Amino acid sequence: MSTRTASLEIVPSGKALGADVRGLDISRGISEETFQEILEAWYRHLVLRFRDQDITDQQLVEFALRFGSLHHAAGSEYGGKPEELHEAVELISNIVKNGKPIGALAAGEATWHTDMSMYEVPASATLLYGDEIPPSGGNTRFTNLCLAYDELDEELRSLVEGRRSIHDAAYLASGGVRPGYEAVTDKSQGPGARHPVVRTHPHSRRKALYLGRMGNGYIEGLSVEESDRVLEQLWAHMTQPRFIWEQEWRKGDLIVWDNRCVAHSRGAFDPEARRLMRRVTVMDA
Ligand code: OGA
Ligand code: MN
(Lines give C-alpha, C1' and ligand atoms only; values in the text may rest on other atoms or scores of the structure.)
(Ligands and ions follow the chains in the order given, each with its own letter.)
Protein backbone atom coordinates (compact mmCIF):
# COMPACT_ATOMS: atom_id res chain seq x y z
CA MET A 1 0.00 0.00 0.00
CA SER A 2 1.34 3.43 -0.78
CA THR A 3 1.72 6.00 1.95
CA ARG A 4 1.51 9.75 1.60
CA THR A 5 3.60 12.07 3.76
CA ALA A 6 3.25 15.83 3.81
CA SER A 7 4.84 16.15 0.39
CA LEU A 8 5.61 12.71 -1.03
CA GLU A 9 3.94 9.51 -2.07
CA ILE A 10 5.91 6.34 -1.28
CA VAL A 11 4.86 3.34 -3.37
CA PRO A 12 6.51 0.05 -2.31
CA SER A 13 7.51 -2.37 -5.08
CA GLY A 14 5.53 -5.16 -3.43
CA LYS A 15 8.76 -7.20 -3.32
CA ALA A 16 11.28 -7.67 -0.52
CA LEU A 17 12.69 -4.17 -1.00
CA GLY A 18 12.36 -1.10 -3.20
CA ALA A 19 9.86 1.75 -3.43
CA ASP A 20 9.01 4.57 -5.79
CA VAL A 21 9.07 8.09 -4.46
CA ARG A 22 6.53 10.20 -6.32
CA GLY A 23 5.80 13.88 -6.26
CA LEU A 24 9.38 15.13 -6.30
CA ASP A 25 11.36 17.07 -8.90
CA ILE A 26 14.94 16.78 -7.66
CA SER A 27 16.15 19.56 -9.95
CA ARG A 28 14.11 22.02 -7.90
CA GLY A 29 15.95 21.27 -4.65
CA ILE A 30 14.69 19.44 -1.57
CA SER A 31 13.73 20.94 1.78
CA GLU A 32 15.17 19.49 4.98
CA GLU A 33 11.73 18.23 5.98
CA THR A 34 11.24 16.44 2.67
CA PHE A 35 14.73 14.99 2.87
CA GLN A 36 13.93 13.50 6.29
CA GLU A 37 10.90 11.81 4.72
CA ILE A 38 13.12 10.43 1.97
CA LEU A 39 15.62 9.12 4.53
CA GLU A 40 12.90 7.38 6.51
CA ALA A 41 11.54 5.75 3.37
CA TRP A 42 15.08 4.73 2.41
CA TYR A 43 15.74 3.06 5.77
CA ARG A 44 12.47 1.20 5.42
CA HIS A 45 12.67 0.15 1.75
CA LEU A 46 16.49 0.07 1.26
CA VAL A 47 16.25 1.06 -2.42
CA LEU A 48 14.34 4.12 -3.66
CA ARG A 49 13.44 4.98 -7.23
CA PHE A 50 12.69 8.52 -8.42
CA ARG A 51 11.26 8.39 -11.95
CA ASP A 52 11.16 11.07 -14.67
CA GLN A 53 14.01 13.15 -13.27
CA ASP A 54 16.03 15.49 -15.46
CA ILE A 55 19.12 16.48 -13.52
CA THR A 56 22.55 17.97 -14.12
CA ASP A 57 25.77 16.55 -12.62
CA GLN A 58 25.67 19.35 -10.06
CA GLN A 59 22.10 18.51 -8.98
CA LEU A 60 22.99 14.82 -8.71
CA VAL A 61 26.04 15.66 -6.58
CA GLU A 62 24.03 18.02 -4.37
CA PHE A 63 21.40 15.36 -3.75
CA ALA A 64 24.11 12.77 -3.00
CA LEU A 65 25.73 15.15 -0.49
CA ARG A 66 22.54 15.06 1.58
CA PHE A 67 23.35 11.40 2.32
CA GLY A 68 26.95 12.09 3.44
CA SER A 69 30.46 12.78 2.11
CA LEU A 70 31.27 11.56 -1.35
CA HIS A 71 33.70 8.88 -2.44
CA HIS A 72 36.23 10.12 -4.96
CA ALA A 73 35.26 8.77 -8.33
CA ALA A 74 37.77 6.27 -9.68
CA GLY A 75 37.26 6.95 -13.34
CA SER A 76 40.88 7.63 -14.22
CA GLU A 77 41.23 4.29 -16.01
CA TYR A 78 38.47 5.31 -18.42
CA GLY A 79 40.34 7.35 -20.97
CA GLY A 80 37.28 8.39 -22.91
CA LYS A 81 35.65 10.07 -19.90
CA PRO A 82 34.33 13.49 -20.96
CA GLU A 83 36.45 16.33 -19.62
CA GLU A 84 33.47 18.34 -18.47
CA LEU A 85 32.28 15.56 -16.13
CA HIS A 86 31.97 16.59 -12.46
CA GLU A 87 34.84 15.06 -10.43
CA ALA A 88 32.47 13.18 -8.08
CA VAL A 89 30.50 11.64 -10.94
CA GLU A 90 31.49 8.35 -12.54
CA LEU A 91 30.07 6.93 -15.71
CA ILE A 92 28.78 3.38 -15.97
CA SER A 93 28.65 2.77 -19.70
CA ASN A 94 29.56 0.57 -22.63
CA ILE A 95 30.11 3.59 -24.89
CA VAL A 96 33.55 3.80 -26.49
CA LYS A 97 35.04 7.15 -27.53
CA ASN A 98 38.35 7.49 -29.35
CA GLY A 99 38.87 3.76 -28.85
CA LYS A 100 38.46 3.95 -25.06
CA PRO A 101 35.47 3.14 -22.84
CA ILE A 102 34.04 6.26 -21.21
CA GLY A 103 32.86 4.32 -18.12
CA ALA A 104 32.81 1.07 -16.15
CA LEU A 105 31.11 -2.32 -16.54
CA ALA A 106 30.81 -2.47 -20.37
CA ALA A 107 27.84 -4.55 -21.61
CA GLY A 108 28.39 -7.89 -19.87
CA GLU A 109 26.77 -9.23 -16.76
CA ALA A 110 27.98 -7.74 -13.45
CA THR A 111 27.81 -10.38 -10.72
CA TRP A 112 26.36 -9.78 -7.26
CA HIS A 113 28.33 -7.31 -5.15
CA THR A 114 28.21 -4.35 -2.79
CA ASP A 115 29.96 -1.12 -3.80
CA MET A 116 33.43 -0.01 -2.65
CA SER A 117 33.69 -2.66 0.05
CA MET A 118 37.34 -3.42 -0.78
CA TYR A 119 38.08 -0.11 0.97
CA GLU A 120 38.26 0.41 4.76
CA VAL A 121 35.52 3.00 4.35
CA PRO A 122 33.08 1.46 1.87
CA ALA A 123 30.00 3.06 0.32
CA SER A 124 26.74 3.65 2.14
CA ALA A 125 24.54 5.09 -0.61
CA THR A 126 25.02 4.68 -4.32
CA LEU A 127 23.04 6.99 -6.60
CA LEU A 128 22.66 5.78 -10.19
CA TYR A 129 20.90 7.86 -12.83
CA GLY A 130 19.86 6.57 -16.26
CA ASP A 131 20.70 8.89 -19.18
CA GLU A 132 20.55 6.33 -21.99
CA ILE A 133 18.87 2.94 -21.63
CA PRO A 134 19.14 0.02 -24.08
CA PRO A 135 15.84 -1.27 -25.53
CA SER A 136 16.17 -4.47 -23.49
CA GLY A 137 18.46 -6.06 -20.90
CA GLY A 138 20.74 -4.26 -18.44
CA ASN A 139 18.28 -4.57 -15.56
CA THR A 140 19.69 -4.10 -12.06
CA ARG A 141 18.69 -6.56 -9.35
CA PHE A 142 18.76 -5.81 -5.64
CA THR A 143 18.61 -8.24 -2.73
CA ASN A 144 17.57 -7.48 0.84
CA LEU A 145 20.40 -8.64 3.12
CA CYS A 146 18.54 -7.87 6.38
CA LEU A 147 15.86 -10.33 5.37
CA ALA A 148 18.49 -12.79 4.15
CA TYR A 149 20.18 -12.54 7.57
CA ASP A 150 16.87 -13.02 9.42
CA GLU A 151 16.15 -16.16 7.40
CA LEU A 152 19.63 -17.66 7.58
CA ASP A 153 19.63 -21.15 9.03
CA GLU A 154 21.00 -21.50 12.53
CA GLU A 155 24.05 -23.52 11.58
CA LEU A 156 25.30 -21.05 8.97
CA ARG A 157 24.47 -18.11 11.20
CA SER A 158 26.50 -19.37 14.14
CA LEU A 159 29.35 -20.18 11.76
CA VAL A 160 29.64 -16.60 10.42
CA GLU A 161 28.49 -14.47 13.35
CA GLY A 162 31.46 -12.54 14.80
CA ARG A 163 33.74 -13.34 11.86
CA ARG A 164 35.29 -10.99 9.34
CA SER A 165 35.87 -11.55 5.66
CA ILE A 166 38.30 -10.16 3.12
CA HIS A 167 36.60 -8.02 0.48
CA ASP A 168 38.90 -8.70 -2.42
CA ALA A 169 40.57 -5.73 -4.11
CA ALA A 170 42.65 -7.60 -6.70
CA TYR A 171 39.95 -8.39 -9.24
CA LEU A 172 37.69 -6.21 -11.34
CA ALA A 173 33.97 -6.86 -11.77
CA SER A 174 34.82 -8.14 -15.25
CA GLY A 175 37.06 -10.83 -13.67
CA GLY A 176 40.42 -9.42 -14.80
CA VAL A 177 43.20 -8.32 -12.41
CA ARG A 178 42.85 -4.68 -11.31
CA PRO A 179 45.68 -2.45 -12.61
CA GLY A 180 48.38 -2.20 -9.93
CA TYR A 181 47.46 -5.57 -8.31
CA GLU A 182 48.68 -9.14 -8.76
CA ALA A 183 46.61 -12.29 -9.18
CA VAL A 184 45.79 -13.85 -5.78
CA THR A 185 47.32 -17.27 -5.11
CA ASP A 186 46.25 -17.59 -1.45
CA LYS A 187 42.81 -16.05 -0.75
CA SER A 188 43.49 -15.93 3.00
CA GLN A 189 46.31 -13.42 2.35
CA GLY A 190 44.68 -11.43 -0.45
CA PRO A 191 44.43 -7.63 -0.60
CA GLY A 192 41.25 -5.78 0.37
CA ALA A 193 39.54 -4.51 3.51
CA ARG A 194 38.37 -6.84 6.27
CA HIS A 195 34.73 -6.28 7.32
CA PRO A 196 32.36 -8.18 9.64
CA VAL A 197 30.26 -10.77 7.79
CA VAL A 198 27.26 -9.68 9.85
CA ARG A 199 26.89 -5.93 10.33
CA THR A 200 24.33 -3.83 12.14
CA HIS A 201 22.77 -0.97 10.20
CA PRO A 202 23.54 2.28 12.07
CA HIS A 203 20.00 3.66 11.67
CA SER A 204 17.57 0.76 11.44
CA ARG A 205 19.72 -1.29 13.89
CA ARG A 206 18.86 -4.35 11.82
CA LYS A 207 21.54 -6.96 11.21
CA ALA A 208 22.53 -7.69 7.63
CA LEU A 209 24.88 -10.04 5.82
CA TYR A 210 27.75 -8.11 4.28
CA LEU A 211 29.98 -9.65 1.62
CA GLY A 212 32.04 -8.12 -1.18
CA ARG A 213 31.55 -9.82 -4.51
CA MET A 214 30.16 -13.22 -5.38
CA GLY A 215 33.01 -15.57 -6.30
CA ASN A 216 35.64 -13.56 -4.41
CA GLY A 217 36.41 -13.14 -0.74
CA TYR A 218 37.57 -15.21 2.21
CA ILE A 219 36.15 -15.68 5.72
CA GLU A 220 38.88 -15.34 8.32
CA GLY A 221 39.56 -18.28 10.61
CA LEU A 222 38.29 -20.92 8.17
CA SER A 223 40.35 -23.00 5.77
CA VAL A 224 40.19 -21.65 2.23
CA GLU A 225 38.13 -24.69 1.19
CA GLU A 226 35.63 -24.23 4.02
CA SER A 227 35.44 -20.48 3.41
CA ASP A 228 34.71 -21.10 -0.29
CA ARG A 229 31.99 -23.57 0.65
CA VAL A 230 30.38 -21.23 3.20
CA LEU A 231 30.56 -18.21 0.89
CA GLU A 232 28.94 -20.20 -1.88
CA GLN A 233 26.12 -21.20 0.47
CA LEU A 234 25.69 -17.63 1.69
CA TRP A 235 25.48 -16.16 -1.81
CA ALA A 236 23.07 -18.90 -2.91
CA HIS A 237 20.91 -18.06 0.11
CA MET A 238 21.13 -14.28 -0.34
CA THR A 239 20.17 -14.32 -4.01
CA GLN A 240 16.95 -16.30 -3.76
CA PRO A 241 14.10 -14.70 -5.70
CA ARG A 242 12.08 -13.98 -2.56
CA PHE A 243 14.70 -11.45 -1.38
CA ILE A 244 14.99 -9.68 -4.76
CA TRP A 245 13.51 -6.72 -6.59
CA GLU A 246 14.52 -6.01 -10.18
CA GLN A 247 14.77 -2.55 -11.67
CA GLU A 248 13.79 -2.20 -15.33
CA TRP A 249 15.36 1.07 -16.31
CA ARG A 250 13.67 4.01 -17.99
CA LYS A 251 15.51 7.14 -19.02
CA GLY A 252 15.29 9.62 -16.14
CA ASP A 253 15.23 7.01 -13.36
CA LEU A 254 17.35 7.80 -10.33
CA ILE A 255 17.96 4.88 -7.97
CA VAL A 256 19.45 5.22 -4.49
CA TRP A 257 20.46 2.00 -2.75
CA ASP A 258 22.00 1.27 0.63
CA ASN A 259 25.13 -0.87 0.27
CA ARG A 260 25.10 -1.61 4.02
CA CYS A 261 22.11 -3.91 3.62
CA VAL A 262 21.66 -4.48 -0.13
CA ALA A 263 23.71 -6.33 -2.75
CA HIS A 264 23.13 -5.75 -6.45
CA SER A 265 23.91 -7.27 -9.85
CA ARG A 266 23.27 -6.28 -13.43
CA GLY A 267 22.18 -8.27 -16.43
CA ALA A 268 24.01 -8.18 -19.76
CA PHE A 269 22.63 -6.26 -22.75
CA ASP A 270 23.31 -5.96 -26.47
CA PRO A 271 26.81 -4.46 -26.81
CA GLU A 272 25.63 -2.66 -29.96
CA ALA A 273 23.06 -0.74 -27.90
CA ARG A 274 24.07 2.28 -25.79
CA ARG A 275 23.71 2.41 -22.02
CA LEU A 276 24.85 5.50 -20.14
CA MET A 277 24.45 5.99 -16.40
CA ARG A 278 25.84 8.59 -14.04
CA ARG A 279 26.87 7.38 -10.58
CA VAL A 280 27.84 9.01 -7.30
CA THR A 281 28.80 7.05 -4.18
CA VAL A 282 28.61 8.22 -0.59
CA MET A 283 31.11 7.19 2.08
CA ASP A 284 29.95 4.99 4.92
CA ALA A 285 31.32 7.25 7.63
C1 OGA B 1 27.22 0.27 -9.96
C2 OGA B 1 26.59 -0.90 -10.54
C3 OGA B 1 24.84 -1.56 -12.03
C4 OGA B 1 24.16 -1.03 -13.23
O5 OGA B 1 27.13 1.35 -10.55
O6 OGA B 1 27.80 0.15 -8.86
O7 OGA B 1 26.79 -1.98 -10.08
O8 OGA B 1 23.00 -1.38 -13.43
N9 OGA B 1 25.79 -0.65 -11.58
O10 OGA B 1 24.76 -0.28 -13.98
MN1 MN C 1 27.89 -1.75 -8.15
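Predicted model: local features only at pLDDT ≥ 70, side-chain atom pairs only at ≥ 80, totals over all residues.

Student: How many residues does helix α1 have, and how far does it reach from its first C-alpha to its last?

Tutor: A general idea comes first. An α-helix has 3.6 residues a turn, so residues three or four places apart point the same way. In this model, helix α1 covers residues 32–45, which is 14 residues. Its reach from first to last C-alpha is 20 Å, close to the 20 Å expected at 1.5 Å a residue.

Student: Which residues of α1 are buried, and what do they pack against?

Tutor: The buried residues of α1 are T34, F35, E37, I38, L39, A41, W42 and H45. They pack against strands β2, β3, β4, β10 and β18, and also against helix α2.

Student: Where does M116 lie, and what is its phi?

Tutor: M116 is found in the loop between β9 and β10. Its phi is near 65 degrees, a positive value in a residue other than glycine. With a relative accessibility of 12%, M116 also counts as buried.

Student: Let us turn to the ligand. Which residues are around ligand 1?

Tutor: One begins by listing the shell and then looks at its polar atoms. The shell of ligand 1 consists of I92, L105, H113, D115, L128, T140, W257, H264, R266, R275 and R279. By class, these residues divide into four nonpolar, three polar and four charged.

Student: How far are the polar side-chain atoms of H264 and R279 from an oxygen atom of ligand 1?

Tutor: For H264 the distance is 3.0 Å, and for R279 it is 2.6 Å. A side-chain N or O atom of H113 is 3.2 Å from an oxygen atom of ligand 1. The protein covers 98% of the 280 Å² of accessible area that ligand 1 has on its own.

Student: Is R199 buried or exposed, and which side chain does its own side chain join in a polar contact?

Tutor: R199 belongs to strand β14, residues 198–200. Its relative accessibility is 15%, so R199 counts as buried. Its side chain and that of D284 are joined by a polar contact of 2.8 Å. Beyond its neighbours within four places in sequence, R199 is in contact with residues including R206, Y210 and R260.

Key. Residues numbered from 1 in each chain as written. Chains lettered and ligands numbered in written order. Heavy atoms only, no water. Helix = DSSP H or I, 4+ residues; strand = E, 2+ residues; numbered from the N terminus. Buried < 20%, exposed > 50% of the residue type's maximum accessible area, 1.4 Å probe, protein only. Polar contact = N/O pair within 3.5 Å; in protein donor to acceptor, adjacent residues only side chain to side chain. Contact = heavy atoms within 4.5 Å. Near = heavy atom within 4 Å. Areas by Shrake-Rupley, 256 points an atom, 1.4 Å probe, with all protein chains shown as cover. Nonpolar A, V, L, I, M, F, W, Y, C, P; charged D, E, K, R; others polar. Expected span 1.5 Å × (residues − 1).
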